[in-house]
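The stops below are meant to be selected in order.

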Amino acid sequence: MDLPGHPDRLTMSWPGHAVLQIPVPPLDGFVRGRYVHYDPSLLGTSELPGVGFVHAHVTVLGPFDQPPEPATVAGLVARMPAVDAHCRGVAVFPNGIIHCPAEPASAFTGLTALARESFPDVEPYRGQFGVEPHVTLDAIGPGVSVATVTEQLGGLLPVAFRADRLDLVWYETARTRLLGSWPLAGG
């Protein structure tokens, strides 16, 4: 999800970008609802038959100004292990981004390190933020706080998910779409 002041912004005023991401299906209904609230033009589509487009995600690497070559991504995922993961609670970054930390964090930072080996010129979040695996939920603002987001989530947390797929997504107003999806090793 894309929010002001963060690489995941809800409204985008620049040309699009691509992200390699791990889908988190149990949180997708909530995240889709936030897209509808802020900018439904970012909901996007899947260009791949039989593959669902999951908006709730943990970013592995991005942004890419141009989508990476599918063959390079395919070679990368062959080295990426699938991971049993979970999101247990709600937290907030210093810039106001409300999120669910993804655990085990070391598994996701390991995926980012592998991706950097294939794409050494792509610095996570353009170097503006550290790599802290998470699912973006919202941002602090009028009527939005950690308490209100926690309340809106209801009893949804904690969630468990299998990080067994790497998606390549293009984010751009009215042109957001899933470009590719690859199973992780052991997925």
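The tour goes through a set of strands and then a pair of cysteines.

This is a predicted model, in which local features need pLDDT of at least 70 and side-chain atom pairs count only at pLDDT 80 or more, while totals for chains, interfaces and linings use all residues. Residues are numbered from 1 along each chain as its sequence is written, and side-chain values use heavy atoms, with hydrogens and water left out.

Select residues 165-171, strand β9. Strands here are DSSP runs of E, at least two residues, numbered from the N terminus. Of the 7 residues in β9, 6 are buried, so the strand is largely enclosed by the rest of the structure. Buried means under 20% relative accessible area (1.4 Å probe, protein chains only).

Two strands count as paired if DSSP finds at least two bridges between them. Look across from Leu 168 in β9 to find Leu 20.

Between β9 and β10 lie the 5 residues of a hairpin, and Ala 174 in the turn has a positive phi of about 65°.

Last, how many disulfides does a search of the whole structure find? It finds 0, a disulfide being a pair of cysteine sulfur atoms within 2.5 Å. Select Cys 87: its nearest cysteine sulfur is that of Cys 100, 5.1 Å away. Cys 87 is buried, with a relative accessible area of 0%. Cys 100 is also buried, at 0%.

Terms used: Buried < 20%, exposed > 50% of the residue type's maximum accessible area, 1.4 Å probe, protein only. Helix = DSSP H or I, 4+ residues; strand = E, 2+ residues; numbered from the N terminus.
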